[in-house]
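Keep the sequence and the 3D view side by side. The tour below goes from chain totals down to single residues.

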Amino acid sequence: MPSAQAELVVIAHFKNSIVGLTAKQVQDLFLGRERTFPNGKFALPIDQSSPLRAEFYEKLTGRPVEQINAYWARIMFTGQASPPQQLPDDKAVLQTVRENEGAIGYIDKTRVDNTVRVLLLLN
Amino acid sequence: MNTVKKRYLYQKLAQSVFWAALMLTVLTSVLYFFTEFKRSREKTVIMINQLLDTVENTAAIAAYSNNSNIGEDVLKGLLRNDIIHEARLSNSQGLQLKKERNTKVPKQDEIIRILRSPFGDAEAIGRLSITPEAQYNLLEARDSALFSALNSSLLIGLTALIVLLMVRSSLSRPLMKVSDTLHAIKAGEQERLEPPPQNQGDELGQLVEDINGLLEKLQEKFKAEHALREEVEIIEQQLRNIFETTSAGIFLLDEAGRLLTVNPTLSQVIEVPHLSQAELLGQDFPELAFAEPALMRELMRVAVERNQSVAQDLRLINHGGENTWVHCLLSRQTAGLNGLRFEGVVYDITDRMAAETSTRHEADHDSLTGLFRRQAAERELIKLINQRTDKENAPVLLLLDLDYFKEVNDTYGHDAGDRVLVEAANRFKNCIRTSDIVARLGGDEFLIILVNCAPPDYSRQIARDILVAISKPFQLSSTVSVKLGVSIGMTIQDGLEQTLEELYKAADLAMYEVKRQGKNGFAMISGDGSIVVEKVAINHPG
């Protein structure tokens, strides 16, 4: 599959003052452990429902995506938290990131442009 | 016959077994409790670790996501297990959760599990710690110990019961039977024990055989002893007969001479028939019986000194009759252990003494006149001579010869002569003192010894008296009488050194001189050897 070989980038609003994030920081934001950026600003992680999602989590945590799903299922069962909002594709993610200053998402590296800030490269 | 309650061996055994079993049970139970407690603790730790394995993932998620709901769920789940007393969950982001059971028991060591991030680099993000429930362990251990106690007491009890029954049936019962039989057997009887059939050849069987052997020996001993006793009884009876019927008096004295044992004859022998056997006991024997108690005491002393039998003739106290003599045999008792004892025998020897006396009398005295014979007179004279210690008390020797006796004998016969001799002897005796000695030397020769008659005048007076007495007529029958005379030779033993022969010789010389000068007179050799014959004027009727 072409997507399996793809390189992913984690992106944020171009006005975001954060220069970069570590994989762990990204992981904490996407798995609901952290709700803010290191600078204290509120973070809104945006997930995808595309095949890119499995690749993203595998590259980020080293665990299969099913485990991530099970994790969220447990958290959701308590009603205390919910997983990040899922968008259909890179285009929708790009659009949302451009429009929200606290947003953080991931897309294929090939789709990235100057309208967003790249915080992390996953390969 | 034996009313004392019997204590059976197997009952004793049962008691011992019971107490031993009880102790053993308690001991094993306590031991079991502690080992079980330890085992339970270890088991609990393993189980808790397993539980931790089970919940670790979820707990890690709770810690990772800082989700107290999940954490609470985990802790609640853990607390549902009896083995957990307290569970705590904490993470690096400040989550602190704790659940505990409200039992009050000593705390045990916590079991801690470090929680690691479920994602990425397995970073330590929190910890889950559990305190095991000690109460659970205790209960577990107690139950186990109880079960063990029950189990072991049942087992031990059962074993003990079986052992008891075995002991009772195979040891106690047969032993009891043997014991009862043995109890009924009297020593020395023919009866024997019957060996129990099941115990042939074992210890009990051997015991019975040995007892039978002993009974056998006992019976033999009894028989032998019985025979011996009969023999002894016979001997004793014989000895008793001798003791009681003998004519000798038998006695036992203590150290001081008091009578301890007497035979019935003794009172007769020592001439106190009025005293019973019992009354004699305790009396002082020497004082009671003998005229000279000191002699008897001396005899006792000698018996001890020589340590052998001693004997002496002793005279009894004269109770108004004739003198009684007894022969007393005395020896120190050697068999007795309690102090000095004397055993002795006395028997009457009065008759023998009398016989002895008469024999001696016959030997010493002339059968016709009753005067001493020469030998006896000489014996007495020697005695007198030997007794002299000084010049006083000199004995005077008179040799007498009847004049004309031969003519009387020839004319009137021997009987007449004999009568003259007897009469002459009587007249001699009447002229002297009783202490003086008259002897017939043979034929018509006589000897007079004047004892203690130093003044010569005194002895001359006696000589004169004799001359006068003999000069009186001798009546041979109612119609016939004869006249005789006497020639007397005298000598005094005025020196101590004169022998019997010298005295005889001197007197003989004096008498010869009287005969030479016409008979019927007396003469005494004076110190210078001269002899003066004196005669007496006889002047009386008829």
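In chain B, residues 24 or more positions apart account for 57% of the contacts with a separation of 6 or more. Two residues are in contact here if their C-beta atoms, placed from the backbone, lie within 7 Å. In chain A the corresponding share is 71%. This is a predicted model: local features need pLDDT of at least 70, side-chain atom pairs count only at pLDDT 80 or more, and totals for chains, interfaces and linings use all residues. Residues are numbered from 1 along each chain as its sequence is written, while chains are lettered from A and ligands numbered from 1 in the order in which they are written.

Start with chain A. It has four helices and five strands. Both kinds of element are DSSP runs, numbered from the N terminus: helices are H or I with at least four residues, strands are E with at least two. From the N terminus on, the order is β-α-β-α-α-β-α-β-β. Of the 123 residues in chain A, 32% are buried. Buried means that 20 or more other C-beta atoms lie within 10 Å of the residue's own, with C-beta atoms placed from the backbone; exposed means 12 or fewer, and partly exposed falls in between.

The five strands of chain A form an open sheet. Its order is β3-β2-β4-β1-β5, and the pairing is mixed. Two strands pair if DSSP finds at least two bridges between them. Which strands stand at the edges? They are β3 (85-87) and β5 (116-122) of chain A; each has a single partner strand, so one side of each is left without a neighbour in the sheet. From one strand to the next, the twist averages 35°. Gln48(A) has Leu87(A) as its bridge partner in β3(A).

Helix α4 (residues 90-99) of chain A lies across β1 (8-13), β2, β3, β4 (103-108) and β5 of chain A. It runs at about 150° to β4(A). Axes are lines fitted to C-alpha atoms, for helices over the stretch in contact, and angles run from 0 to 180 degrees between N-to-C directions. In helix α2 (residues 52-61) of chain A, the buried residues are Glu55(A), Phe56(A), Tyr57(A), Leu60(A) and Thr61(A). The cover over them includes β1, α1 (23-30), α3 (65-78), β4 and β5 of chain A. After α2(A) comes Gly62(A), with a positive phi near 75°.

Move to chain B. It contains 14 helices and 17 strands. Buried residues are 27% of its 542. Is strand β16 (residues 521-525) of chain B enclosed or open? Five of its five residues are buried, so β16(B) is largely enclosed by the rest of the structure. Gly521(B), Ala523(B) and Ile525(B) point one way, and Phe522(B) and Met524(B) the other. On one pairing, β15 (residues 485-492) of chain B runs parallel to β16(B), with four bridges. There, Ile488(B) is bridged to Phe522(B). On another, β16(B) and β17 (residues 531-534) of chain B are antiparallel over four bridges. Ile525(B) has Ile531(B) as its partner in β17(B).

Helix α9 (residues 350-364) of chain B gives a contrasting picture. Of its 15 residues, the number buried is zero, so α9(B) lies largely in the open. It reaches 20 Å from first C-alpha to last, close to the 21 Å expected at 1.5 Å a residue. That expected span is 1.5 Å times one less than the number of residues.

Next, a helix pair. The axes of α12 (residues 414-431) and α13 (residues 456-471) of chain B come within 9 Å and cross at roughly 145°. From α12(B), the contact uses Ala424(B), Arg427(B), Phe428(B), Asn430(B) and Cys431(B). From α13(B), Ile462(B), Asp465(B), Ile466(B), Ala469(B) and Ile470(B) take part. By class, seven are nonpolar, one is polar and two are charged. Ala, Val, Leu, Ile, Met, Phe, Trp, Tyr, Cys and Pro count as nonpolar, Asp, Glu, Lys and Arg as charged, and the others, Gly among them, as polar.

Finally, look where the chains meet. The contact takes 10 residues from chain B and 14 residues from chain A. On the chain B side, α1 (9-65) and α2 (68-79) of chain B each give two or more residues. The largest share of that side, three residues, comes from α1(B). That side has five nonpolar, five polar and no charged residues.
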